[in-house]
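Subject: Structure handover

Hello,

Here is the structure you will be working with. Please open it alongside this email, and then read the notes below.

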Amino acid sequence: MNAKLDSDATTRPVTRQTFDEVLVPTYAPAAMVPVRAAGLDLWDQSGKHYLDFTAGIAVSSLGHCHPTLVAALTKQINTVWHLGNGYTNEPVLRLALALTEATFAQRAFFCNSGAEANEAALKLARKYAHTTFGPHKSRIISCLSSFHGRTLFTVSVGGQPKYTEGFEPLPQEINHIAYNDIAAALAAITDDVAAVIVEPIQGEGGVIPADPAFLKALRERCDATGALLIFDEVQSGVGRTGTLYAYMESGVTPDILTSAKALGNGYPIGAMLTSTAIAEHFGVGSHGTTYGGNPLAATVALNVVETINTPAFLARVKQASAQIFANLTTLAADYPQLFGQVRGQGLLIGLPVAAAFAGRAKDYTKAAEALGLMLLIAGPDVIRLAPALIVSDAQIADADRIMRAAADAILAAA
Ligand SMILES: *Cc1c(COP(=O)(O)O)cnc(C)c1O
């Protein structure tokens with residue numbers, strides 16, 4: 001008999017070692033295995049406590065197991081789980097109303113992840129260009145260091161060649177320009193361009209905000225050439241920057257916006273938002289997904305949006321952001337051997353490492369984790385903070401204390 005089946009499959013002991021034995025090795029997860037969490041508090045298998053400043057990579061913006069979401073999901077779980085696209089459902093209709101009322105968009109398409117939302121956006125842009133202008137208009141312009149997901153189309157559009165190596169042949173007619181390079185954008189957006197896709201803040205690429213002038217130049221050039229402007233707000237969206245979506249403070253409105261990550265607070269959902277005129281180019285049968293907008297995901301997302309999209313909630317995000325920026329600025333001044341200048345927007349914050357500490361952001365986050373603070377990196381040279389938006393002043397002070405202790409530990413070991 002298979003040794004794996006000796007004990008009850010649902011209760012048998014598992015460890016970090018099990019990951020290396022039975023998971024496809026696409027990740028290198030931390031040594032500790034989280035088992036339970038509430039708000040920004042998290043506990044591992046040994047009962048050790050951590051303060052979570054990762055929110056599951058900018059996902060659990062209302063914290064772990066938020067009571068409003070637990071109640072809404074529990075109620076929906078006892079009502080109806082799934083229907084398929086032959087039927088619509090009340091939660092998805094309410095969610096689409098909420099998102100279209102709150103944004104520039106008049107139409108929503110739902111899927112299950114950020115990559116799928118971008119896949120839908122890119123396909124829609126190509127379809128729109130083909131039917132409006134003809135098949136010659138198919139080129140897609142994206143930015144170097146951008147990240148748009150892991151499907152073959154979205155890694156090809158993403159600006160990190162390491163993610164496409166070995167997966168060729170790749171989708172065609174995709175070009176990359178340097179982020180924030182207006183001259184390059186004007187040269188690249190020619191009449192054969194169907195879409196320009198950009199993150200208002202590059203997340204995975206190092207937490208780099210777009211220059212407002214760059215976004216404005218993209219908007220103007222897209223208008224002049226008939227290209228559609230897509231904002232990938234998968235990481236920047238749903239309150240993370242202090243507005244419901246980052247575009248709202250940028251002065252530039254996209255034609256298509258993609259959202260995922262925080263939209264479901266950990267329950268998988270993605271959304272593509274657009275205008276009626278563009279949405280019409282996706283007719284019945286032209287695109288779809290089995291789970292998209294299912295009642296469970298839609299219920300969670302509706303409650304997320306309703307909770308986050310209030311002036312008081314968003315004002316608090318900006319207040320918490322200002323405090324963390326102040327703390328990190330002082331930290332960087334006190335440890336110039338380790339840190340550069342803090343950057344980002346709202347609660348999507350990057351702390352680059354100093355030249356002397358190049359490539360070692362992960363060493364620092366490991367030191368912080370040992371002291372009970374979970375942090376992210378964004379590439380080898382940037383420490384990334386993305387706490388739940390409900391982070392308290394006391395938790396901000398705790399994180400500051402542990403970040404200083406971790407810096408001392410790194411210097412003591414050097
Ligand atoms: C995470 C991310 C994605 C991909 O989302 P998945 O849900 O992992 O597919 C796409 N774009 C941006 C900007 C992201 O941060």
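I begin with one residue. S250 lies in helix α9 (residues 247-250); helices (H or I, at least four residues) and strands (E, at least two) are DSSP runs, numbered from the N terminus. S250 is buried, at a relative accessible area of 17%, where buried means under 20% relative accessible area, exposed over 50%, and partly exposed in between (1.4 Å probe, protein chains only). Leaving out residues up to four places away in sequence, S250 touches P212, L215 and F231; contact means heavy atoms within 4.5 Å. P212 is 38 residues from S250 along the chain, and their C-alpha atoms are separated by 6.0 Å.

Two notes on the source. This is a predicted model, in which local features need pLDDT of at least 70 and side-chain atom pairs count only at pLDDT 80 or more, while totals for chains, interfaces and linings use all residues. Residues are numbered from 1 along each chain as its sequence is written, and side-chain values use heavy atoms, with hydrogens and water left out.

Domains

The protein chain is divided into domain 1 (3-65 + 311-413) and domain 2 (68-308), with bounds that come from an automatic or database domain assignment. Taken over C-alpha atoms, the centres of domain 1 and domain 2 are 26 Å apart. Domain 1 puts 29 residues into the contact and domain 2 puts in 25 residues. The size of an interface is often given as the accessible area lost when the parts come together. Here the area buried between domain 1 and domain 2 is about 2,300 Å², and carbon and sulfur atoms give 59% of that. Buried area is the accessible area (1.4 Å probe) that two parts lose on being put together, summed over both. Of the area that domain 1 buries against domain 2, 27% is supplied by L62, Q345 and L348, more than by any other three residues.

Cores

A nonpolar core is a set of buried Ala, Val, Leu, Ile, Met, Phe, Trp, Tyr and Cys residues joined through side-chain atoms within 4.5 Å. The largest nonpolar core has 86 residues, of which F53, F339 and Y364 touch the most other members. Helix α11 (residues 295-308) gives this core its largest share, nine residues. Where does this core lie? Domain 1 and domain 2 both give residues to the core, so it lies between them. Not counting residues up to four places away in sequence, the residues that Y364 touches include F339, F357, L375 and I383. A second, separate core has 21 residues, among them F109, L122, I140 and M272.

Sheets

Strands of a sheet pair through backbone hydrogen bonds, either parallel or antiparallel. In this model, two strands pair if DSSP finds at least two bridges between them.

Strands β14 (residues 348-352) and β17 (residues 382-385) run antiparallel and are joined by four bridges.

Another open sheet of four strands has the order β1-β2-β3-β15, with mixed pairing. Its edges are β1 (34-38) and β15 (373-374), each with a single partner strand, so one side of each is left without a neighbour in the sheet. β1 and strand β2 (residues 41-44) run antiparallel, joined by four bridges, and the bridge partner of R36 in β2 is W43.

Strand β11 (residues 256-259) sends I256 and T258 one way and L257 and S259 the other, and all are buried. β11 pairs with strand β10 (residues 228-232) in the parallel sense over three bridges, with T258 in β11 as the bridge partner of D232. β11 and β12 pair in the antiparallel sense over four bridges, and there S259 stands opposite A271 in β12.

A loop residue

S275 is in the loop between β12 (270-274) and α10 (276-279). Is S275 buried or exposed? Its relative accessibility is 19%, so S275 counts as buried.

Regards
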